[in-house]
Amino acid sequence: MHHPSPWILRHGGGPRPRLRLYCFPYAGGHAGIYTPWQGKLHPDVEICAVQLPGRGARFRDPGFQSLPPLIEELARELPLDGAVPFAFFGHSMGSLIAFELARRLQTLGRPLPRRLFVSGCDAPQHRQAPRGLHQLDDAGFIEALRDYQGTPAEILANRELMELLLPSLRDDFQLVESYRYHPGAPLTIPTTVLAGRDDRQRLPEQTEGWQRETTGPSRVHWFDGGHFFIASAREAVLARVNAELAELLPAAPRPVALL
């Protein structure tokens, strides 16, 4: 039995899921982007989409502009006690959140995710210099968003809607652009790196550098599409995620033989 949390939207997995997948959003994203995933994954996997403040039902909650306090809050608020095995998935900003949260759990001696999926994100030690996009005026910031091709043009053109969305978007971009990688003990868990072949933000060494962040096995998978290949190549992405989650599912208990 679990208690509702403003930090998590849960989707499926049955009354007793055998594995939970905590999903962290990209900049400007919300927990609802992962809702359609549930029907595409193994029925014993429960999607736990993380809802950051400043969006969705938490629209009025103040957002985070720096990653370390967010990580501390997530380590306190998410039910990561290991009672149910879990994995982390993040895209872009969400990858940084998932990675640093896993590091924090390891430092605290807490249960770790069985696998870390990092998608559409430079390896931490190879990140490009911040461009200061969050400091642009509204027009310039909206043009930068258009370049990422993750926000529909009709939303970018809706002035009233953008006035509502810009504060949380700026918070997210500031959080990412203020991130500074600090070398530390490598993780001890398997990682899976997902990247778009046409993502202008990526270079091979920035992707493969993730392998140096863990002593566990690491896999790199490339998909057709740009930065938001998780949308344009969704079926292929979900097939890969599902296959690797299936490896993590604990064996179902064997039926007791009747003599």
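The model considered here is a predicted one. The buried residues of α2 are M93, G94, S95, L96, I97, A98, F99, E100, L101, A102, R103 and L105. A residue is called buried here when its relative accessible area is under 20%.

What do these buried residues of α2 pack against? Their partners are the strands β2 (19-24), β4 (86-91) and β5 (116-119), together with the helices α1 and α5 (159-177).

The dimensions of α2 may be considered next. The helix has 16 residues, and the distance from its first C-alpha to its last is 23 Å, close to the 22 Å expected at 1.5 Å a residue. Just after α2, G109 takes a positive phi of about 75°.

Two packed helices are described by the angle between their axes and the distance between the axes. For helix α1 (residues 67-77) and helix α2 (residues 93-108), the axes come within 10 Å and cross at roughly 60°. That angle makes α1 oblique to α2. The crossing of the two helices is right-handed.

Which residues meet where α1 and α2 are in contact? From α1 come L67, L70, I71, E72, L74 and A75, and these meet L96, I97, E100, L101 and R104 of α2. By class, this contact has 8 nonpolar residues, 3 charged residues and no polar ones. An α-helix has 3.6 residues a turn, so residues three or four places apart point the same way.

Definitions and conventions
Residues numbered from 1 in each chain as written. Predicted model: local features only at pLDDT ≥ 70, side-chain atom pairs only at ≥ 80, totals over all residues. Heavy atoms only, no water. Axes fitted to C-alpha atoms, helices over the stretch in contact; angles between N-to-C directions. Helix = DSSP H or I, 4+ residues; strand = E, 2+ residues; numbered from the N terminus. Parallel < 35°, antiparallel > 145°, perpendicular 65-115°, else oblique. Left-handed = near helix turned anticlockwise from the far one by under 90°. Contact = heavy atoms within 4.5 Å. Nonpolar A, V, L, I, M, F, W, Y, C, P; charged D, E, K, R; others polar. Expected span 1.5 Å × (residues − 1). Buried < 20%, exposed > 50% of the residue type's maximum accessible area, 1.4 Å probe, protein only.
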